[in-house]
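Please examine the sequence and the structure before reading on.

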Amino acid sequence: MPLRILLVDDDDFALTLVSHQLATLGYQSVDAFARPEDALARLEADVAAYDMILLDLQMPGIDGIEFVRHLARLQFAGGVALLSGEDDRILQTAYRLAAAHHLAVRGALHKPVTPGQLEVLLGAAVRAPARRSSGPKRKQYTAERLRQAIETHELTTVYQPKVELATGRMRGVETLVRWQHPEDGLVFPDQFITLAEENGLIDALTRLVLEHAIAQAHIWELAGLRLHVGVNVSMDNLSDLTFPDFVAHTLAAAGTSTKSLVLEVTESRLMTNALSALDILTRLRLKHIGLSIDDFGTGHSSLAQLRDIPFDELKVDRGFVHGCATDPAKQAILEASLAMARQLGMTTVAEGIEDRADWDQLRATGCDLAQGYFVAKPMVAGALPKWIEEWNARVPELIGA
């Protein structure tokens, strides 16, 4: 079946040019609209009439951003490509916005568009799997069922390695929680962490994960693996003034050094009691437990936190890491964050390193540690020794040794 294309651009010359280019490339099923209102009316009548929409951003009446909003409302399941003569940052912002609306964004092209760009874009669209306009909803769990899971130890932990960018040496892991549901299988944290925070269960959940991670750190230490083990801590955990004593007691009971633990503070919600949080975090540092500001550059993490809280590690959010080699805005934010962390004497970690280009760029910037699928996916504790062997075999090629 030929690709059915909808072209929307208020510029008559651009409309004629792109239509001609599409015809030359062999795409005959093309409807071109100079008025976005007319194109929208066509979609309102039959949202499944097209496989691909080429959409100009700068249009009178309904502009491209408004049009994207309507596509999301209509649950358009085909591909979308954005066209614009505006600067790259505006185009990329529009791209991210469309993707956030769960549209299948196939590309963002500067005008004037070339036949070569269209050929690549539409060729990829033909090969891309169709997006389902509606899929099965994820199962919703109750607070009481999650409470039961915590009490019966259905929650388990996996570990994602962190390695030195300069040498490739294994330095530590981040502990990630999973729910091993007896009927539903493995449930990921995006389905239950917010539930825990909103129902007073996050403290019990975090303490269970800490116990698992600290016990595992001791097992690795006995096997000759001295690793920094990171555990995520919500700001909701930092309202109980006994929390530092619980952490210290758990470390002592397991025989694990305090210097082996790094608490990764994620402020997914606004701090409700800043004084208690500052009290707890300072006491943790006095016990020589590491503190990492997680997802730096997003959410509520801020420069004020770096000033007020004794963090000794900064984790740059994956949104500024993956693709940074070709994105000047990401590069600027990344380099500024790393430079500031170095001036404050903090270890720097790049999350979300997905490919060799990310790895090489982060090495060039002087970032300390790397974490992401290019290094390793999260794994069960027992898989770590074999992974280390395989990783060590990769290292010489990655660092040019």
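Predicted model: local features only at pLDDT ≥ 70, side-chain atom pairs only at ≥ 80, totals over all residues.

Q: Is L15 buried or exposed?
A: The terms rest on relative accessible area: buried means under 20%, exposed over 50%, and partly exposed in between, with a 1.4 Å probe and protein chains only. The relative accessible area of L15 is 11%, so L15 is buried.

Residues are numbered from 1 along each chain as its sequence is written, and side-chain values use heavy atoms, with hydrogens and water left out.

Q: In which helix does L15 lie, and how many Å apart are the C-alpha atoms of L15 and F33?
A: Helices (H or I, at least four residues) and strands (E, at least two) are DSSP runs, numbered from the N terminus. L15 belongs to helix α1, residues 12-24. F33 is 18 residues from L15 in sequence, and their C-alpha atoms are apart in space by 7.9 Å.

Q: Which residues is L15 in contact with, leaving aside its neighbours within four places in sequence?
A: Contact means heavy atoms within 4.5 Å. With the neighbours within four places in sequence left aside, the contacts of L15 are L7, D9, A32, F33 and A34.

Q: What is the relative accessible area of L43, and which residues is L43 in contact with?
A: L43 is placed in helix α2, residues 36-45. L43 is buried because its relative accessible area is 0%. Beyond its neighbours within four places in sequence, L43 is in contact with L6, Y50, I53, F67, L71 and L74.

Q: Which residues is R145 in contact with, leaving aside its neighbours within four places in sequence?
A: R145 is in helix α6, which covers residues 143-151. Its relative accessible area is 18%, so R145 is buried. Leaving aside neighbours within four places in sequence, R145 has as contacts E154, W179, H181 and P182.

Q: Is H102 buried or exposed?
A: H102 is in the loop between α4 (88-100) and β5. Phi of H102 is positive, near 65°, in a residue other than glycine. Most residues other than glycine have a negative phi, and most peptide bonds are trans. With a relative accessible area of 61%, H102 is exposed.

Q: Is the peptide bond from K111 to P112 cis or trans?
A: P112 is located in the loop between β5 (104-110) and α5 (115-127). Omega of the peptide bond from K111 to P112 is near 0°, and the bond is cis.
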